[in-house]
Structure formats: structure tokens, C-alpha cells
Amino acid sequence: FTILTNILAALSFTFTAINSESKAGRFFRNPVVQSGIAMNIIIVGVVYITVLQKLWKPQGFSWVADIILHYAVPFIYAVYWLAFVPKGHIQWKHCFIWLIYPAAYFAYSIIRGPIVNWYPYPFVDVGAIGYAEVLKNAAILLGAFLVASFLFFIIDRLFANKTNSAAVN
């Protein structure tokens with residue numbers, strides 16, 4: 001999830017930087033898509049910092065990658081979203097649509113895990129903690145994603161109202 005979400009952030013940055021009018025460019029420059037990416041990349045950073053960082057001590061290039069993927073990109077993309085992504089485009093339905101990506105990743109992990117005998121995160125490791133605990137963890141995480149989505153909706157509205165008020169004055 002971390003790597004995929006960082007790739008989505010990189011694609012968003014790239015297509016925005018080159019102002020691409022391709023189908024992919026328009027998709028990744030869409031404020032709703034960029035907001036969904038921002039929400040997901042911030043969750044990546046928060047979950048890593050609060051749950052996962054204590055599980056390993058990366059060294060050398062792994063440490064550099066760790067800093068970039070879990071700290072730098074989430075922070076930079078959050079600042080980018082706040083400062084540059086147009087506000088006022090998010091609707092309530094987007095809060096639920098954004099849940100498809102983490103839910104699909106969870107389903108993929110649960111299906112693939114027993115096949116390859118490997119799970120990407122300890123909180124989805126069915127072999128180690130069982131389905132009941134994994135489903136509880138999934139519900140908690142999905143709730144966190146939903147709360148984050150609602151926060152992005154609220155922030156989007158607040159910034160849109162401030163921008164619209166400033167334009168009127």
C-alpha cells in the first residue's frame with residue numbers, strides 16, 4: 001500500500017508538472033483524485049509512524065527509502081494539496097468512493113497472503129493473528145480512512161469558502 005500510494009503521488013506530481021492533457025494526465029490532475037491521493041498518503045505516514053516504525057530499524061539505502069516513502073512524500077503531498085490543489089470539488093460521495101482503494105488492497109492482501117505465505121503488514125497477517133483479528137483491524141483501518149475522508153471533505157469546503165469569500169471581496 002505504501003509503495004502503490006507513493007507511486008500514485010508521483011504520477012499526480014508528474015502529470016501536474018508537465019500539465020498533461022492525456023487521459024491519464026487529466027485523471028491525475030483532477031482535484032478529487034488528488035484529494036484522494038492526499039488522504040491515502042497521509043494515512044500511509046500516520047499508520048507507519050504510529051504502528052509500524054517500531055517494528056524495524058532500516059539502515060543505509062533502506063533508511064533513505066523509509067524517510068522518503070513514510071515521511072517526506074506524505075508531508076510534501078499534504079502541503080501540495082493544501083496550497084495548490086483547487087478546493088470546492090469534493091462531494092460527500094467521494095468520501096466513500098475513496099474507500100474502494102484501501103478496501104481493494106486489503107482484499108488483495110487477504111486473498112494473496114495464503115497463496116504466497118506472506119502478508120504485507122502484521123495487522124493483516126491471517127496466519128499469525130487469525131481472521132477475526134484481521135477483520136477487526138480492517139474495520140478499524142477502514143473507519144480511520146472514512147474519518148480522514150470526512151476531514152478532507154471539511155477542509156476542502158472550508159478552503160473553498162475562504163477562496164470564494166476572498167474572490168468576492
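Analyst: Start with a charged pair: K136 forms a salt bridge with E133. Their closest N and O atoms are 3.2 Å apart. A salt bridge here is a side-chain nitrogen of Lys or Arg within 4 Å of a carboxyl oxygen of Asp or Glu. This is a predicted model, in which local features need pLDDT of at least 70, side-chain atom pairs count only at pLDDT 80 or more, and totals for chains, interfaces and linings use all residues. Residues are numbered from 1 along each chain as its sequence is written, and side-chain values use heavy atoms, with hydrogens and water left out.

Why pair at all? Side chains of opposite charge can pair when their charged atoms come close.

How covered are the two partners? K136 has 42% relative accessibility, so it counts as partly exposed. E133, at 32%, also counts as partly exposed. The cut-offs are under 20% for buried and over 50% for exposed, with partly exposed in between (1.4 Å probe, protein chains only).

The structure holds two salt bridges. The other joins E21 and R29, again with the closest N and O atoms 3.2 Å apart. R29 is partly exposed too, because its relative accessible area is 23%.

Now turn to the nonpolar side of the story. The patch consists of L82, V147, L151, I154, L158 and F159. Together they have about 520 Å² of accessible area (Shrake-Rupley method, 1.4 Å probe). Patch residues have over 30% relative accessible area and no salt bridge, and nonpolar side chains (Val, Leu, Ile, Met, Phe, Trp, Tyr) are joined within 5 Å. V147 is one of the patch residues, and V147 lies in helix α7.

Elements that give two or more residues to its lining are α3, α6 (100-116) and α7. Its lining counts 22 residues, with F1, P102, F123, L141 and F145 nearest the centre. A pocket is an open set of points on a 1 Å grid where a 1.4 Å probe fits, with protein on both sides within 12 Å along at least five of seven lines, and lining residues have an atom within 4 Å of a point. By class, 19 of the lining residues are nonpolar, three are polar and none is charged.

The lining has 18 residues, and T2, I3, H70, P120 and Y121 lie nearest the centre. Helices α1 (2-17), α3 (31-52) and α4 (60-84) each supply at least two residues of that lining. The most come from α4, with five. The classes here are 14 nonpolar, three polar and one charged.

I3 lies in helix α1, and I3 is exposed because its relative accessible area is 56%. The C-alpha atoms of I3 and A132 are 27 Å apart in space, and the two residues are 129 apart in sequence.

Conventions. Patches are made of residues with over 30% relative accessible area and no salt bridge: like charges are joined within 9 Å, nonpolar side chains (Val, Leu, Ile, Met, Phe, Trp, Tyr) within 5 Å. Helices (H or I, at least four residues) and strands (E, at least two) are DSSP runs, numbered from the N terminus. Ala, Val, Leu, Ile, Met, Phe, Trp, Tyr, Cys and Pro count as nonpolar, Asp, Glu, Lys and Arg as charged, and the others, Gly among them, as polar.
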